[in-house]
Amino acid sequence: MKEIELKMAGKIDRLTNRTFKFDESVGDGWFSAVYFLKTAILAKKYCSKDIVTMQFFQRHHAVLCGIDEAVALLHTFAQKPEELEIQALRDGDRIEPFEAVLTVTGPYQSFGFLEGIIDGILARRTSIATNVYDVIQAAGVSGKQKPIIFMGDRDDHFMQQAGDGYAAYIGGAQAQATHAMNEWWGVKGMGTMPHALIQLFKGDVVVAAEAYHVTFPEDDLIVLVDYNNDVITDALRVARHFGEALKGVRIDTSRTMVDQYFIRNPEVMGSFDPRGVNAELVCALRRALDAEGFGHVQIVVSGGFDKDRILMFEREGVPVDMYGVGASLLKINIGFTGDNVLLNGEHCAKAGRKLNPNPRLEKVAYKV
């Protein structure tokens, strides 16, 4: 594993003083498409003095992420990276369809084999940053911005956590589930209790929460209350026990389960789907807490939330204070393309492609 500390010069100096960890075999072409490797051999053999400009773009309105990482990759594995001319936008920039976000100019054999890897970096990081941004916009549609916890650790390979967490941060989520997700800006992960903790205390939510509170007194106490599929009963038990010390309760009811509240009160059933974390259950919980003087207790929801579901909750005024979101934020739905658009400074690109000059691009100096 090769580590490189990237410190960009010039105007691009925001969120760039970090250490990226790259597999050293990137430099051997192990992760590059074979046709790029063969093209590099041919370029060195027949076109060694030619200079190409490669341009990267995508096709959506998006939040850009992965630029710092892509530049670090070029600075680490390109041949004579100090001789490349790199121009780029910044991580966090809002970008338009077909807008050039990165251009690299130099001998093809120096950097061309990295094209697909750069596409992949930009695609993953930008997709996650954009997904998070869209979810945060949905969570603020009611006029009050609700925090988002990025809980993507269980939905992808653990080696992706640092980069995914950074992308989520760029998208606007500052609460992350693991320490690794926070690695690139030096803070720690956050979280309270899983179902496993309550199981260890034989399903007694109050006893489990007491053990947690005694052991981690500096943490905000947010208690998971769906273990027994009786959210309101357990939330009130916890609230009565802890009083002002209780910061919030979290509901994570499975989409296949109907909470005991509806079993006990069949008259409240209607045309809605009573399974999982639904609006009617959250509203009933809020009413129950308020009725006993626990208006300070916040409600956190998780389990299958995405932009559309959050938007529905917010438009209906469901009294949620914080959303935990995981799998939906990791969907890769933005793809990048790298094209050679100039040859020795002259237009030379495949049909349908051309250089798209972008005055927002800034020159990135080589300084590692």
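Predicted model: local features only at pLDDT ≥ 70, side-chain atom pairs only at ≥ 80, totals over all residues.
**Overall architecture**

The chain contains 368 residues, of which 51% count as buried. Its secondary structure comprises 11 helices and 16 strands. Among contacts between residues at least 6 apart in sequence, 71% join residues at least 24 apart.

**Helix H4 and its two partners**

Two packed helices are described by the angle between their axes and the distance between the axes.

| Helix pair | Axis approach | Crossing angle | Handedness |
|---|---|---|---|
| H4 (residues 115–138) and H5 (residues 161–171) | within 7 Å | roughly 40° | right-handed |
| H2 (residues 67–77) and H4 | within 9 Å | roughly 160° | right-handed |

The axes of H2 and H4 cross at roughly 160°. An angle over 145 degrees counts as roughly antiparallel, and H2 is therefore roughly antiparallel to H4. On the H2 side, the contact is made by Ile67, Glu69, Ala70, Leu73 and Leu74, and on the H4 side by Ile117, Ile118, Ile121, Leu122 and Arg125. By class, the residues of this contact are 8 nonpolar and 2 charged, with no polar residue.

The axes of H4 and H5, in turn, cross at roughly 40°. The two helices are therefore oblique to each other. From H4, the residues Arg124, Arg125, Ile128, Ala129, Val132, Tyr133 and Ile136 take part; they meet Gly163, Asp164, Ala167, Ala168, Ile170 and Gly171 of H5. This contact of H4 with H5 has 8 nonpolar, 2 polar and 3 charged residues. Arg125 of H4 is listed in the contact with H2 and also in the contact with H5.

Is H5 mostly covered or mostly open? Helix H5 is mostly covered, with 10 of its 11 residues buried. The buried residues are Gln161, Ala162, Gly163, Asp164, Gly165, Tyr166, Ala167, Ala168, Ile170 and Gly171. Gly172 follows the helix and has a positive phi, near 120°.

Val132 belongs to helix H4. Its relative accessibility is 0%, and Val132 therefore counts as buried, the cut-off for that class being under 20%. Residues up to four places away in sequence aside, Val132 touches Ala168, Gly171, Gly172, Ala173 and Leu329. Of these, Ala168 and Gly171 are also among the H5 residues that meet H4. The C-alpha atom of Val132 is separated by 17 Å from that of Val300, a residue 168 places away along the chain.

**Loop residues**

Which residue lies in the loop between strand E9 and helix H6? Lys188 is placed there, strand E9 covering 175–176 and helix H6 covering 195–200. Lys188 is exposed, because its relative accessible area is 69% and the class begins over 50%. Neighbours within four places in sequence aside, Lys188 is in contact with His179 and Asn182. Lys188 and Ala175 are 13 residues apart in sequence, and their C-alpha atoms are 9.2 Å apart in space.

Most residues other than glycine have a negative phi. Lys80 is not a glycine, yet its phi is positive, at about 50°. This residue lies in the loop between H2 and strand E5 (85–88). With a relative accessibility of 53%, Lys80 counts as exposed.

Asn344, likewise a residue other than glycine, has a positive phi near 55°. Its position is in the loop between strand E14 (337–343) and strand E15 (346–347). Asn344 counts as partly exposed, because its relative accessibility is 41% and that class lies between the limits of 20% and 50%.

Technical notes: Residues numbered from 1 in each chain as written. Heavy atoms only, no water. Axes fitted to C-alpha atoms, helices over the stretch in contact; angles between N-to-C directions. Helix = DSSP H or I, 4+ residues; strand = E, 2+ residues; numbered from the N terminus. Parallel < 35°, antiparallel > 145°, perpendicular 65-115°, else oblique. Left-handed = near helix turned anticlockwise from the far one by under 90°. Contact = heavy atoms within 4.5 Å. Nonpolar A, V, L, I, M, F, W, Y, C, P; charged D, E, K, R; others polar. Buried < 20%, exposed > 50% of the residue type's maximum accessible area, 1.4 Å probe, protein only.
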